[in-house]
Amino acid sequence: MDIRLKELGLTSPVALAPLAGITDLPFRRLVAGFGAGLVVSEMVASQEVVQAKPEARAKAELDMAGVGTSVQLAGRDAYWMAEAARFVAGQGASRIDINMGCPAKKVTSGYSGSALMRDLDHALTLIEAVVDAVDIPVTLKTRLGWDDALLNAPDLARRAEAAGVRMITIHGRTRCQFYKGHANWGAIGQVVDAVDIPVLANGDIVDTEAAHVALAASGAAGVMVGRGAQGKPWLLAEIMAGLQGESYDTGPFRKTLSDIASAHYDEMLSFYGAALGGKVARKHLGWYMDTARTPAPLRKEVLTATPEQVRSLLPIALGEHAQLEAA
């Protein structure tokens, strides 16, 4: 593993990407339990977390007794970004990640996320404010550029490094591509060449083969897995084993997919409460059933069932899947 990642305290070159509405505390805890170099919270609006809005605080909820979490902050105002950074650092965040890659219109229309790639001078004021506010490592996640006419990720990376950013993750698409087409891992190599800090390649990392190709094409120090981990929380550990030329074997305890899904379901209900937790859980249960290729009628039954019924149905809905190794 790249020595620069070890110096940042990462135990693996495979990280979990921030995913809105997905990488909450229950999911981060689950992925980290299998093995991950880094887990990142879903994006948190800086002003909202400082002003104690419950939804924002829940997104940044940390597992103080467990794996260190990087909290991803988004915003357009240096004051609020700095205040939010101080708050989450005080709550025990191991790292802070700055979001300059989210392509969602509701984010970019507020001059946050990937819209900041259209004004690197302003983007730099936010980076400097966060770095100056905390003593923990600050990282940056962005895209190749706003569109094909503005591919300025190398310029942003150089300026971010000079400001004190310790690692950069590049999603291999422009903002205007959103998630269409295929991530351009080769273009990430231009960012790798521009800086001395480690760069992670992100976008379409769905299995070990994709990770191998992305690393070879980009020269990146590691990869960040996003949507590929939906319904497969062990995927990061599996990719890491594959990169080392090993078979996937994380420990002595064997669990079935239904064991994993059931434990995750119970933790979501505990974290959010039964009503909200049941709603949040549906997408995760759907992804688990995608993995297991659950028949449509049974899938519908699970997604419309009461918590008690869900617990009894999951072994049936997911029982055909082969056993998995779980730490």
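Which elements do the buried residues of α5 pack against? They pack against α3 (46-50), β4 (69-74), β5 (95-100) and α7 (120-133), where contact means heavy atoms within 4.5 Å. Before going on, note that this is a predicted model, in which local features need pLDDT of at least 70, side-chain atom pairs count only at pLDDT 80 or more, and totals for chains, interfaces and linings use all residues. Residues are numbered from 1 along each chain as its sequence is written, and side-chain values use heavy atoms, leaving out hydrogens and water.

Helices (H or I, at least four residues) and strands (E, at least two) are DSSP runs, numbered from the N terminus. The buried residues of α5 are Met 81, Ala 82, Ala 84, Ala 85 and Val 88; buried means under 20% relative accessible area, exposed over 50%, and partly exposed in between (1.4 Å probe, protein chains only). Because they cover an arc of only 165° around the axis, they sit on the same side of α5; the arc is that of the directions from the helix axis to the C-beta atoms.

Now look at the ends of this helix. At its start, a side-chain oxygen of Asp 77 comes within 2.9 Å of the backbone nitrogen of Tyr 79. Just after α5, Gly 92 has a positive phi of about 110°.

Finally, turn to the cysteines. A disulfide is a pair of cysteine sulfur atoms within 2.5 Å, and by this rule the count is zero. The sulfur of Cys 102 has its closest cysteine sulfur in Cys 176, and at 13 Å that is too far for a bond. Cys 102 counts as buried at 16% relative accessibility, whereas Cys 176 is partly exposed, at 38%.

Definitions and conventions. A polar contact is a pair of N or O atoms within 3.5 Å; within protein, one must be able to donate a hydrogen and the other to accept it, and residues adjacent in sequence count only if both atoms are side-chain atoms.
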